[in-house]
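Thanks for coming. I have one structure to go through today, so please look at the sequence and the model first.

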Amino acid sequence: MAGADPLYSSEYVEGAAHVLRTYLVPALLAQDAVTAESVAETLAFVAGHRMAKAALEAAVLDAQLRGEGMSMGTYFGAEREWVDCGVSVGIAGSIDELLDEVAGYVEEGYRRIKLKVKPGWDLLPVNAVREELGRDRLLQVDANSAYRAHDIPLLAELDAFGLVLIEQPFPEEDIATHAALAAEIETPVCLDESILDADVALDAIERGATSMINIKAGRVGGYLEAVRVHDLCRAVDVPVWCGGMLETGVGRAANVALAGLPGFTLPGDTSASRRYFADDLTEPFELGTGSTAGSCACPTALARA
């Protein structure tokens, strides 16, 4: 879940490995009994490090469910056998390169295209892709906190493109500016990095900072908390979708199972395995065909052998 370097997030692989070895794993091993439901409370003495905690909780949950003969989808409460998939498209070297990449994903059958945007790479590429896709295909943008309050008039111009949402335009701590943007534009504002747990999600919703939420299990500290965020959002009619963190098939299986819950009404970043890996750790996830085109099948276990 964590990256190689602390660039996207403060967490990174070597740091996660250190905190797991030094604090988290010893704390679990010191318990007389461990269940997935008890992991978060046991590890609460360590501040932050949600991705490391999520990885450990997922391992415990996998072992627990295998022992019970239960799939992760069943445990979460998934109601779908197939979940709609979207794809995230990074900053390209040129608009022509971007259009070629997007065309390839459309041909593969992805049901939603997400474009990364930043100052200087926003209105023109979004306009070009919208013209290429037409008005009926789902298109959204993700800013990864690249903008500031003075960019609100610029971001308002995105309303012209009929986007599903604009994701995390401002820094994660800046809930107030997200609320100000939401009051100024028609495009729904979606929060990602800002949402650390269900309590933060409720606060952001009540403050008008978001009307859609990207749920990432690693970011919120585990799949059990991800389910709680889902349940909260469903109770207040806020659509959610499942984000991705470049997971191998192990994490992708869990993400697809999570996305089978009823509140996940938008295609998530649950791309096919080959989008990121030539060879995966598990049987690869592939997009369906025919009536299931653009979707992935919910797995029957956390890691498919």
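I start with charge. The protein carries 23 positive and 47 negative side chains, and the centres of the two sets are 2 Å apart. Lys and Arg count as positive, Asp and Glu as negative, while His and the chain ends are not counted. Each charge is placed at NZ of Lys, CZ of Arg, CG of Asp or CD of Glu.

A word on where this comes from. The model is predicted, so local features need pLDDT of at least 70 and side-chain atom pairs count only at pLDDT 80 or more, whereas totals for chains, interfaces and linings use all residues. Residues are numbered from 1 along each chain as its sequence is written, and side-chain values use heavy atoms, with hydrogens and water left out.

Now the overall fold. Of the 305 residues, 52% are buried. Buried means under 20% relative accessible area, exposed over 50%, and partly exposed in between, with a 1.4 Å probe and protein chains only.

Next, helix α6, residues 123–133. Its buried residues include Leu123, Val126, Val129 and Leu133. Among the elements covering the buried residues of α6 are α5, β3, β4 and α7. Just after α6, Gly134 has a positive phi of about 85 degrees.

Then the cysteines. How many disulfides are there? The count is zero, a disulfide being a pair of cysteine sulfur atoms within 2.5 Å. For Cys85, the nearest cysteine sulfur is that of Cys296, 3.6 Å away. Cys85 is buried, at 0% relative accessible area. The sulfur of Cys298 is 9.2 Å from that of Cys296, its closest, which is too far for a bond.

Last, Arg111, in the loop between α5 and β3. Arg111 is partly exposed, at 30% relative accessibility. Beyond its neighbours within four places in sequence, its contacts (heavy atoms within 4.5 Å) include Asp84, Cys85 and Pro267.

Technical notes:
Helices (H or I, at least four residues) and strands (E, at least two) are DSSP runs, numbered from the N terminus.
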